[in-house]
Amino acid sequence: MSEFSQDISVVIVNYNVRDMVDNCILSIYKANNNKFNIEIFLVDNNSIDGSVRHIKEKYPEVKVIANDKNIGFSKANNLALKKAAGKYVLILNPDTVLEEGTFDKMIAFCESDKTIGAVTSKLILANGKLDSACRRSFPTPSVAIPRMLGLSKLFPKSKIFGKYNLTYLDENETSIVDAICGAFMFIPKSVLDKAGLFDEDYFMYGEDLDLCFKINRSGYKIYYYPEVTTIHFKGESTKKTNLSYVNNFYGAMNIFVRKNFTGVPRVLSFILRIGIFWRSLFSYIRRFIKYFLFPIIDIILLYASLILSVKVRFDIFPNKDYLIIITVYVLIWIILLAMFGLYSKKNFLSIKKTFNALIAGFFINSSITYFFNEYAYSRGVILASTILSLVFLISFRGAYRAYLFFVSKNILLKKINLLIIGKQRLNQNAEDKLNSKYNILHYEEIAVRKNIAELEEIIQINNIDEVVFSGDYFSNQDMLNLMWDLRNRNVSFKIIPTGKELILSKLNMRSFDEVNLVDIEYNINNKLNIFLKRIFDIVMSSVLLITVYPFLVLLKKGFNKNLPKHFSKLLLLPDVLRGKYSFVGYPVWLDTNKQYIGKKGLTGLIQLNYNEDISEGEIENLNLYYAKNQSLILDIEILLKSFFSFFKNKYFMAAQNFLGFEKPVIELEQKIAEMRKMSDQLDISNEINKLEIRVNELRKNIFENLTPWQIVQLARHPERPYSLDYIYLMTENFIELHGDRYYGDDNAVVGGFAKLDDKTVMIIGQQKGRDTKSNIFRNFGMPNPEGYRKALRLMKLAEKFNKPVITLIDTPGAYPGIEAEERGQAEAIARNLFEMSKLQVPIIVAIIGEGASGGALGLGIGDKILMLQYCWYSVISPESCSSILWRSWDFKEQAADALKLTSKDMLKLKVIDRIIEEPVGGAHRDHIEAADLLKKALIEELSTVSKIKKEKLLDNRIKKFGDMGFWKD
């Protein structure tokens with residue numbers, strides 16, 4: 001019978017890292033897979049984060065030893081090691097994650113050689129790189145001196161200088177080493193019994209080195225074994241806290257040298273201990289400077305103020321005696337700054353307290369000139385130095401506050417690409433959304449094959465910076481391999497415990513859709529905030545009306561130039577001055593009767609965070625967040641983000657989303673942008689004007705001679721406005737209606753009542769998405785049968801209330817899937833053709849993008865058929881036509897020519913009644929102008945057909961479609 005009742009005893013010491021230790025224990029069970037008898041000891045050093053209760057409830061089989069104080073790493077481990085009954089002991093940090101098969105490999109390795117005393121695995125950090133501390137040499141003078149001099153960092157591959165962390169060894173080869181890291185130490189219990197436990201003189205750091213020294217001295221070998229890999233989220237379980245870290249680490253090194261290197265010659269031992277002393281002193285100084293950085297800067301600025309004042313007043317500086325006098329004044333000011341609390345974390349950037357402290361110092365220093373003649377000279381110098389000190393210290397704090405404001409609020413909109421792997425959704429509240437630096441991708445939505453190879457491709461293609469694993473999508477082995485393969489890409493990996501809520505920047509359980517109903521007093525209704533907001537709007541709009549507005553009007557009306565949509569909003573500046581709009585508020589297209597959310601704005605939280613699939617709930621929460629937290633600072637933050645978002649994305653988006661024939665124009669526009677940046681140093685306005693004229697001529701020439709295939713490409717442009725864009729820009733009070741009352745709701749078709757000018761209409765459109773997520777949600781703009789039935793239901797509703805119908809066509813075709821055919825796709829389209837032909841209210845049809853096949857025709861029966869300039873309308877797409885006629889898509893351009901699908905062709909064939917011109921360069925260049933042009937045409941045509949009697953209207957509609965086309969006998 002074996003003397004050991006367990007195969008493996010795992011010992012973990014925990015201090016306030018509940019989620020980390022949860023993950024660690026879970027990985028232990030996965031690594032074992034019920035193969036070995038294991039016991040797990042959790043020694044808790046008086047954590048206050050609920051670790052003990054959490055582990056006891058979730059893992060009742062874990063043996064928890066709860067200490068009533070923090071007794072340190074060595075003593076805590078020894079408590080469990082004395083009770084361990086395993087043949088092998090694994091000493092493990094709580095910030096580690098094991099791979100599957102860890103115990104199989106470790107036991108097999110130890111049993112292959114009875115001289116093995118301790119083994120560590122390959123420890124990889126959160127960025128995928130090797131933790132250099134996992135294999136070390138004992139700090140003998142020949143090892144420690146190069147380390148202290150920094151030579152080990154300069155020459156890591158040198159066998160002479162790289163001994164400390166053995167950086168010259170191959171990371172993938174098994175090696176005998178002097179010492180291993182306490183984060184993972186796999187030791188036969190018999191070895192531990194012979195060598196002894198951890199030395200309890202060590203509190204933290206150095207005890208692992210000491211234990212390895214004892215094991216080595218007992219005749220056993222220490223191994224680094226890279227066939228087993230472990231994730232080490234280094235530092236999470238032992239946060240370094242300023243001076244205490246210095247005391248613990250360098251104190252431990254000193255203990256180790258004093259206890260274990262007694263046989264080293266005194267001179268070398270003395271040098272080693274002196275080196276440790278100087279390293280610790282350097283750490284103290286570095287932390288001291290960091291802690292007293294602000295007082296040091298203030299002292300420098302105060303000295304500079306006094307020196308400048310004396311120099312200007314007497315022109316006698318430097319002077320030894322005056323330097324003593326100045327020091328007294330500086331000391332008084334520094335004491336006052338400290339007394340006013342400027343060096344506390346709470347107030348160190350307070351401009352008000354800085355001002356008060358310096359003014360108080362002025363009166364005290366002025367008094368000195370009366371009572372202490374030896375320190376007295378011109379009170380004019382005191383006054384001048386006070387003014388300079390106010391300027392210097394307040395400017396410094398103001399600049400630093402502005403820097404922190406820009407960084408903390410992410411004004412420059414620098415994005416970190418974050419990939420979430422798992423079925424959990426990120427839970428963000430409104431504040432997180434405003435401050436977020438993250439561009440969030442969900443693996444669940446973008447992955448197809450869902451394997452580790454595809455995941456690696458996604459990380460590389462999307463330039464992912466951080467990866468969060470939640471759930472059991474991949475094994476720990478897969479994660480470890482991925483981290484190691486991507487170690488040189490600087491990707492950070494995190495693991496969230498199963499069931500833990502995903503919140504981006506908050507460590508509480510508050511979710512994005514929670515609203516605190518206790519706080520019913522919203523800032524936006526505060527009279528002072530209303531006053532300040534209105535004053536800001538008046539001042540800013542007045543300045544912009546004088547400086548910017550005339551040029552925008554001149555460009556728009558005089559030169560007929562398209563304005564970017566961000567700048568086109570500035571045409572509403574007169575309305576801001578009159579008080580109809582504010583600079584910051586809810587969108588102009590959003591209609592609501594909720595007075596507590598303030599006015600409509602040119603920009604705002606919703607506009608900043610708007611995307612195709614933003615829900616009504618998200619809009620409501622953003623409105624509530626703004627109403628509750630509105631302030632002048634918040635308004636300025638939103639305006640700055642809007643400003644930087646325009647300049648950040650304008651040319652990037654142009655470069656990403658231009659068509660081949662647009663390239664010459666885009667290149668010239670980018671060149672103009674670069675020249676404008678240089679115009680501050682050089683007068684190149686004439687060259688810029690010439691290039692702008694050339695751009696306009698080139699654009700006009702290109703777009704006047706587009707081929708049918710190029711028009712097809714324009715109609716599919718990813719930045720082109722879609723139905724909802726037009727609806728929100730053209731109409732007011734849009735109320736979207738859902739469902740066909742038979743099967744379900746089709747998100748590829750949108751519709752509802754809205755106000756067009758002063759007339760209520762039923763407006764229905766086919767809707768695409770702008771990214772993978774929204775395209776899936778909208779089914780790429782391809783309606784199912786329920787979409788056409790929803791449209792027909794809405795038309796019948798309009799007929800019931802005698803309201804005209806407007807349909808917007810933009811689809812690559814009806815959805816061709818089997819399930820759509822099973823639900824009656826052909827019948828649904830045919831039913832719409834039949835019912836629309838006899839609908840007793842006016843119908844205006846507008847083709848705003850693609851008009852393909854029956855998918856378009858299902859909404860295409862009307863009294864007037866309008867078509868935007870760069871759209872196409874055909875029974876089949878060019879690609880499908882090419883595939884049928886030529887058995888290949890390579891002839892799509894010839895097919896586009898033959899199909900006669902452009903707006904000019906449609907007008908010539910009398911399929912449509914009117915072409916609506918688009919902004920120069922296409923509707924995607926200016927959404928607002930494109931919507932204005934379409935709105936004007938719809939109002940004109942609606943006014944015409946609304947005057948026709950119902951009987952005549954239906955006769956004209958039937959005759960219109962009967963007369964279409966040409967034929968020969």
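This briefing describes the fold content, cores, helix packing and selected residues of one protein structure. The model is predicted: local features need pLDDT of at least 70, side-chain atom pairs count only at pLDDT 80 or more, and totals for chains, interfaces and linings use all residues. Residues are numbered from 1 along each chain as its sequence is written, and side-chain values use heavy atoms, with hydrogens and water left out.

The protein has 39 helices and 25 strands; helices (H or I, at least four residues) and strands (E, at least two) are DSSP runs, numbered from the N terminus. Of its 969 residues, 49% are buried, where buried means under 20% relative accessible area, exposed over 50% and partly exposed in between, with a 1.4 Å probe and protein chains only.

**Contacts and cores**

- Among contacts between residues at least 6 apart in sequence, 73% join residues at least 24 apart; contact means heavy atoms within 4.5 Å.
- The largest nonpolar core contains 96 residues. A nonpolar core is a set of buried Ala, Val, Leu, Ile, Met, Phe, Trp, Tyr and Cys residues joined through side-chain atoms within 4.5 Å.
- The residues with the most contacts inside this core are I12, I28, F103, F186 and F469.
- F469 touches I421, L455, F474, M479, L482, F493, K494, I495 and I496, when residues up to four places away in sequence are not counted.
- A second, separate core comprises 51 residues and includes L724, A791, L839 and A930.

**Helix pair α1 and α2**

- The axes of α1 (residues 18–32) and α2 (residues 51–58) come within 10 Å and cross at roughly 30 degrees. Axes are lines fitted to C-alpha atoms, for helices over the stretch in contact, and angles run from 0 to 180 degrees between N-to-C directions.
- That angle makes α1 roughly parallel to α2; angles under 35 degrees count as roughly parallel, over 145 as roughly antiparallel, 65 to 115 as roughly perpendicular and the rest as oblique.
- The crossing of α1 and α2 is right-handed, a term used if the near helix is turned clockwise from the far one by less than a right angle, with left-handed for anticlockwise.
- From α1, R18, V21, D22 and I25 meet S51, H54, I55 and K58 of α2.
- By class, the contact of α1 with α2 has three nonpolar, two polar and three charged residues. Ala, Val, Leu, Ile, Met, Phe, Trp, Tyr, Cys and Pro count as nonpolar, Asp, Glu, Lys and Arg as charged, and the others, Gly among them, as polar.

**Helix pair α19 and α20**

- The axes of α19 (residues 527–547) and α20 (residues 549–558) come within 4 Å and cross at roughly 50 degrees; the two helices are therefore oblique to each other.
- L544, L545, I546 and T547 of α19 make the contact with Y549, P550 and F551 of α20.
- This contact of α19 with α20 has six nonpolar, one polar and no charged residues.

**Helix α3**

- Seven of the nine residues of α3 (residues 73–81) are buried, so this helix is largely enclosed by the rest of the structure.
- Those buried residues are F73, S74, A76, N77, N78, A80 and L81.
- The buried residues of α3 pack against the strands β1, β2 (38–45), β3 (63–67) and β4 (86–92), and against the helices α7 (189–195) and α8 (207–217).

**Residues with positive phi**

- Most residues other than glycine have a negative phi.
- R741, although not a glycine, has a positive phi of about 65 degrees. R741 is placed in the loop between β18 (731–736) and β19 (749–756) and is exposed, with a relative accessible area of 61%.
- F780, also not a glycine, has a positive phi of about 55 degrees. F780 is found in the loop between α30 (772–777) and α31 (785–800) and is partly exposed, at a relative accessible area of 43%.

**Residue pairs separated in sequence**

- S5 lies in the segment before β1 (6–14) and is exposed, with a relative accessible area of 54%. S5 and G86 are 81 residues apart in sequence and 6.4 Å apart in space, C-alpha to C-alpha.
- K450 lies in the loop between α16 (443–446) and α17 (452–461) and counts as partly exposed at 30% relative accessibility.
- The C-alpha atoms of K450 and Y473, 23 residues apart along the chain, are separated by 8.6 Å. Leaving aside neighbours within four places in sequence, K450 is in contact with Y443, E444, Y473 and F474.
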